[in-house]
Amino acid sequence: MYNTGIIRFKQYKDGSGNLTPIEAESDIPFAIKRIYYIYDVVPDATRGYHSHKKLHQVLIPLNGSITVRLITHIEEKNIVLNSPHEGLYIGPHVWREMYDFSPGSVLLVLASDFYDEADYIRDFNSFLETNPFRGQV
Ligand code: TYD
């Protein structure tokens, strides 16, 4: 799917548990400038509802399960994230909605830049109308 993809991280397992390391610019395709995490999400809540003009992000479900609806200028897909050693890369111009947060789930987000409200497109029609890939297959 355009500007998206699953990234599988290393997983070191031993008898006592698992460890997953993530290094910027090698395990993920950008330098990390910001992290944030979403947690204590109330039942049936849906979050997101935006795209970004320039930002690159990787979403990692540290605990539990979260479903992400991705919409590009040509397609739509729902992806279940439930493995802490897999991340969902989302680049610019991809609409995302997050829902079905399981109780106790924690979603970690790695971002390529600092928070900037001017980088958000929060109106779905604007997302479609201003999408630079509009009309391309
Ligand atoms: P928002 O992007 O709307 O969250 P979601 O996409 O999960 O629905 O952000 C919620 C609030 O948090 C909003 O007031 C902006 C603020 N915020 C920051 O201050 N810094 C950040 O890095 C992020 C992601 C959000």
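This report looks at the salt bridges and one of the sheets in a predicted model.

## About the model

Because the structure is predicted, local features need a pLDDT of at least 70 and side-chain atom pairs count only at pLDDT 80 or more, while totals for chains, interfaces and linings use all residues. Residues are numbered from 1 along each chain as its sequence is written, and side-chain values use heavy atoms, with hydrogens and water left out.

Let's start with charges. Side chains of opposite charge can pair when their charged atoms come close. A salt bridge here is a side-chain nitrogen of Lys or Arg within 4 Å of a carboxyl oxygen of Asp or Glu. Searching the whole structure turns up 6 salt bridges.

One of them joins Arg 8 to Glu 86, with the closest N and O atoms 3.1 Å apart. This pair links distant parts of the chain: Arg 8 belongs to strand β1 (residues 4-8) and Glu 86 to strand β9 (residues 86-90), 78 residues apart. Strands are DSSP runs of E with at least two residues, numbered from the N terminus.

How open are these two residues? Accessibility is sorted into buried (under 20% relative accessible area), exposed (over 50%) and partly exposed (in between), using a 1.4 Å probe and protein chains only. Arg 8 is exposed, because its relative accessibility is 60%. Glu 86 has a relative accessible area of 24%, so Glu 86 is partly exposed.

Now find Arg 69, which is linked with Glu 76 and Glu 97 in a network of salt bridges. The N to O distance is 3.5 Å for Arg 69 and Glu 76, and 2.8 Å for Arg 69 and Glu 97.

Arg 69 counts as partly exposed because its relative accessibility is 22%. Glu 97, at 10%, counts as buried.

Two strands pair if DSSP finds at least two bridges between them.

Which residue is the bridge partner of Thr 4 in β9? That partner is Ile 90.

Notes: Helix = DSSP H or I, 4+ residues; strand = E, 2+ residues; numbered from the N terminus.
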